Amino acid sequence: MTVSIPEPVASFVDRVNDHDEQGFLDAFTPDGVVDDWGREFRGREAIRQWSDVEFIGARGVLDVRSAETTPDGVTVVGDWRSQHANGLSSFAFRVEGDRIARMTIREG
């Protein structure tokens with residue numbers, strides 16, 4: 001099953017699944033935020049440090065099950081598999097222009 005994901009989130013998911021660290025970081029605004037179950041990482045350097053252990057560095061792959069455009073952005077639900085954590089997760093993205101301003105990760 002193919003799920004239609006709006007840009008720039010579709011390209012972001014591709015970068016994550018390709019383990020493209022620079023592409024992943026470049027997808028965020030300079031002051032972007034990752035909220036990983038209530039822990040916030042602000043700015044690309046903080047996001048990179050988090051990702052090195054828990055996201056790209058953990059060789060994660062997101063198998064997208066659904067995507068929904070919301071008034072605030074895009075929400076993607078998928079099965080996350082990595083060397084750090086596994087399971088159904090929800091990724092809510094707030095988009096500014098062609099960049100991600102905020103990614104919030106919660107239970108899917």
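I began with Asn86, which is found in strand β5; helices (H or I, at least four residues) and strands (E, at least two) are DSSP runs, numbered from the N terminus. The model is predicted: local features need pLDDT of at least 70, side-chain atom pairs count only at pLDDT 80 or more, and totals for chains, interfaces and linings use all residues. Residues are numbered from 1 along each chain as its sequence is written, and side-chain values use heavy atoms, with hydrogens and water left out.

Is Asn86 buried or exposed, or partly exposed? I found a relative accessibility of 47%, so Asn86 counts as partly exposed; buried means under 20% relative accessible area, exposed over 50%, and partly exposed in between (1.4 Å probe, protein chains only). I also noted that Asn86 and Val61 are 25 residues apart in sequence and 9.6 Å apart in space, C-alpha to C-alpha.

**Salt bridges**

I next turned to charged pairs. A salt bridge is a side-chain nitrogen of Lys or Arg within 4 Å of a carboxyl oxygen of Asp or Glu. How many salt bridges does this rule give? The count comes to 14.

One of them joins the side chains of Arg102 and Asp35 (3.4 Å, N to O). Arg102 lies in strand β6 and Asp35 in strand β1, so this pair ties together parts that are 67 residues apart in sequence. Both Arg102 and Asp35 are buried.

I recorded another salt bridge between Glu40 and Arg42 (3.4 Å, N to O). Glu40 is partly exposed, with a relative accessible area of 44%, whereas Arg42 counts as exposed at 53% relative accessibility. Asp35, Glu40, Arg42, Arg102 and Arg106 are linked in a network of salt bridges.

Asp63 forms a salt bridge with Arg65, and I read 3.5 Å between the closest N and O atoms. Asp63 counts as partly exposed at 41% relative accessibility, and Arg65 counts as partly exposed at 41% relative accessibility.
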